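Subject: Handing over the structure

Dear colleague,

Here is the structure that I promised to pass on to you. Please open it beside this message, and read the notes below with the model in view.

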Amino acid sequence: MIITNINQLRDPVPTTTFVENEAEVISSALFDALNEKGGLGLSANQIGVNKRLCVIQVTDPFYLVNP
């Protein structure tokens, strides 16, 4: 689910901590959504996950934690 209501994205996301493998699971979901929609980047809060993590896929895919 990609959030389209900009008001849901206005509040800052607090510094994020992750449990084991959580960043990899979230980044996998982000890459799936990104590839489905054909974008270049996507952040966790855009799919309803209130964590500081984003993915960018320009040449080689990678993810950023606490960007």
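Helices here are DSSP runs of H or I with at least four residues, strands are DSSP runs of E with at least two, and both are numbered from the N terminus. Please keep in mind that this is a predicted model, in which local features need pLDDT of at least 70 and side-chain atom pairs count only at pLDDT 80 or more, while totals for chains, interfaces and linings use all residues. Residues are numbered from 1 along each chain as its sequence is written, and side-chain values use heavy atoms, with hydrogens and water left out.

On the chain as a whole, buried residues make up 27% of the 67 residues, where buried means under 20% relative accessible area, exposed means over 50%, and partly exposed lies in between (1.4 Å probe, protein chains only). Among contacts (heavy atoms within 4.5 Å) between residues at least 6 apart in sequence, 49% join residues at least 24 apart.

The helix

Helix 1 has 16 residues and reaches 23 Å from its first C-alpha to its last, close to the 22 Å expected at 1.5 Å a residue; the expected span is 1.5 Å times one less than the number of residues. Its buried residues are Glu22, Ala23, Ile26, Ser27, Leu30, Phe31, Ala33 and Leu34. They cover an arc of only 165 degrees around the axis, which puts them on the same side of helix 1, the arc being that of the directions from the helix axis to the C-beta atoms. What covers these buried residues includes strand 1, strand 2 and strand 3, whereas Val25, Asp32 and Glu36, on the other side of helix 1, are exposed.

Ser27 lies in helix 1 and counts as buried, at 5% relative accessibility; leaving aside residues up to four places away in sequence, Ser27 touches Leu53, Val55 and Tyr63. Asn35 also lies in helix 1, but Asn35 is partly exposed, with a relative accessible area of 47%, and its C-alpha atom is separated by 9.2 Å from that of Gln57, 22 residues apart along the chain.

The segments at either end of the helix each hold a residue with a positive phi. Asn21, in the segment before helix 1, has a positive phi of about 65 degrees although it is not a glycine, and Asn21 is partly exposed, with a relative accessible area of 47%. Helix 1 is followed by Gly38, whose phi is positive, near 75 degrees.

The strands

Strand 1 and strand 2 run antiparallel and are joined by three bridges, with Ser43 standing opposite Cys54 in strand 2; two strands count as paired if DSSP finds at least two bridges between them. Strand 2 in turn pairs with strand 3 (residues 62-65) in the antiparallel sense, over four bridges, and a hairpin of five residues joins strand 2 to strand 3. Cys54 has Leu64 as its bridge partner in strand 3, and Val55 stands opposite Tyr63 in strand 3.

The core and the salt bridge

Which residues form the largest nonpolar core? It has eleven of them, namely Ala23, Ile26, Leu30, Phe31, Ala33, Leu34, Leu42, Ala44, Ile47, Leu53 and Val55. Helix 1 and strand 2 each supply at least two residues of this core, and the largest share, six residues, comes from helix 1. A nonpolar core is here a set of buried Ala, Val, Leu, Ile, Met, Phe, Trp, Tyr and Cys residues joined through side-chain atoms within 4.5 Å. Val55, one of the core residues, touches Ser27, Leu30, Phe31, Leu34, Leu40, Gly41, Leu42, Phe62 and Tyr63, not counting residues up to four places away in sequence.

A salt bridge is taken as a side-chain nitrogen of Lys or Arg within 4 Å of a carboxyl oxygen of Asp or Glu, and by this rule the count comes to one. The side chains of Lys51 and Glu22 meet in it, at 3.4 Å from N to O. Lys51 lies in the loop between strand 1 (41-43) and strand 2 (53-56) and Glu22 lies in helix 1 (residues 22-37), so the pair ties together parts that are 29 residues apart in sequence.

With best wishes
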